[in-house]
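The structure is shown first.

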Amino acid sequence: VEGGNGPGPHVALLFWLTIALVVVGLVYFSVIGLAHQ
Amino acid sequence: VRRFLYDNGLTLAFLALFLGSLAGHAIAGHEVFNDEQDRHHAEHISLGRYLTSSDFAAAVTENWQSEYLQFALLIFLTIWLVQRGSTESKKPGEEGLESPKEQKIGEHAPPDAPRWARVGGVRTFLYSNSLLIVMGLFWVGSWFAQSVAGMSEFNEDRLSHQEDALSWIGYIGTASFWERTLQNWQSEFLAVASMAIFAVYLRQRGSPESKPVGESHATTAVEG
């Protein structure tokens with residue numbers, strides 16, 4: 001992501017958004033599982 | 001905006017397919033759930049309630065974990081194992097982690113290298129393995145989510161049959177947990193094995209997943 005000639009801020013934004021999508025999904029589904037115990 | 005769509009078309013297309021499929025899964029899963037409720041003379045639940053059910057959570061995450069495992073294993077095993085003639089493989093003889101020069105790290109890093117590739121120490125070690133680390137964490141995280149969601153689904157069924165609920169440790173020892181896990185793993189492993197060997201002899205003109213159409217079957221690690 002860092003570097004002198006990166007692919008651009010929009011590519012980095014999409015990278016972090018995708019990471020966030022998966023992390024939020026994992027937390028959401030884990031919480032659902034734990035909440036129903 | 002057009003530039004953004006062009007530059008990120010591959011990721012955006014797959015994210016759109018993901019969201020569309022997830023929505024379809026939710027709608028179809030909700031119908032199936034309510035059909036089951038009818039069969040047990042129980043009340044229907046709303047779509048919103050279904051989206052927060054352990055049934056939906058387990059179904060989604062059991063597929064996620066197998067996909068992240070597939071990619072994590074492919075990333076890891078292709079360091080050491082080759083498939084002669086495949087685009088998915090390194091060239092025979094190049095197995096292993098390779099030298100700092102080949103990997104352009106430390107003093108061999110070019111001026112436009114990511115900073116963590118240049119600085120050395122723990123940061124360069126972490127960055128050198130960051131793809132496997134993230135894919136591995138997502139695999140473990142989604143497998144954990146599958147286990148807790150699957151456990152509550154499993155225990156709801158046991159309680160409705162006047163049986164005791166199982167602990168988490170108890171649940172991950174059940175055939176039910178492993179059936180749900182392995183049925184997803186087997187399909188991923190077959191698909192990767194197919195891709196690795198098919199890429200030796202089969203071509204798709206224009207695809208970077210394939211060699212150029214006229215490339216020799218013997219050539220390894222050349223993308224079209």
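The contact draws 35 residues from chain B and 23 residues from chain A, in what is a predicted model. Between the two chains about 2200 Å² of area is buried, and carbon and sulfur atoms give 72% of that area. On the chain B side, B:Phe4, B:Trp64 and B:Phe138 lose the most area to chain A, and together they account for 21% of what that side buries. Salt bridges between chain B and chain A number zero. As for confidence, the predictor assigns the complex an ipTM of 0.91 and a pTM of 0.93, while chain B averages a pLDDT of 96, with 100% of its residues scoring at least 70.

Chain A has 37 residues, of which 22% are buried, and its secondary structure comes to one helix and zero strands.

| Salt bridge | Closest N and O atoms |
|---|---|
| B:Arg180 and B:Glu62 | 2.6 Å |
| B:Arg180 and B:Glu153 | 2.8 Å |
| B:Glu98 and B:Lys90 | 3.0 Å |

B:Glu62, B:Glu153 and B:Arg180 are linked in a network of salt bridges. The salt bridge between B:Arg180 and B:Glu62 joins helix α10 (residues 175-201) to helix α4 (residues 54-80) of chain B, so this pair ties together parts that are 118 residues apart in sequence. In the salt bridge of B:Arg180 with B:Glu153, the partners lie in helices α10 and α8 of chain B, so that pair ties together parts 27 residues apart in sequence. B:Arg180 counts as buried because its relative accessibility is 16%, and B:Glu62 is likewise buried at 7%, whereas B:Glu153, at 21%, counts as partly exposed. In the remaining pair of the table, B:Lys90 is buried with a relative accessible area of 17%, while B:Glu98 is partly exposed at 31%.

A nonpolar patch on the surface is formed by B:Trp116, B:Val119, B:Val122, B:Phe125, B:Leu126, B:Tyr127, B:Ile133 and B:Leu137, which together have about 730 Å² of accessible area. The elements that give two or more residues to this patch are α7 (121-128) and α8 (130-160) of chain B, and the largest share, four residues, comes from α7(B). B:Val122 lies in helix α7 of chain B and counts as exposed because its relative accessibility is 60%, above the cut-off of 50%.

Terms used. Residues are numbered from 1 along each chain as its sequence is written. Chains are lettered from A and ligands numbered from 1 in the order in which they are written. This is a predicted model: local features need pLDDT of at least 70, side-chain atom pairs count only at pLDDT 80 or more; totals for chains, interfaces and linings use all residues. Side-chain values use heavy atoms; hydrogens and water are left out. Patches are made of residues with over 30% relative accessible area and no salt bridge: like charges are joined within 9 Å, nonpolar side chains (Val, Leu, Ile, Met, Phe, Trp, Tyr) within 5 Å. Accessible areas come from the Shrake-Rupley method with a 1.4 Å probe; for residues, only the protein chains shown count as cover. A salt bridge is a side-chain nitrogen of Lys or Arg within 4 Å of a carboxyl oxygen of Asp or Glu. Buried means under 20% relative accessible area, exposed over 50%, partly exposed in between (1.4 Å probe, protein chains only). pLDDT is the predictor's confidence in each residue, from 0 to 100. Contact means heavy atoms within 4.5 Å. Buried area is the accessible area (1.4 Å probe) that two parts lose on being put together, summed over both.
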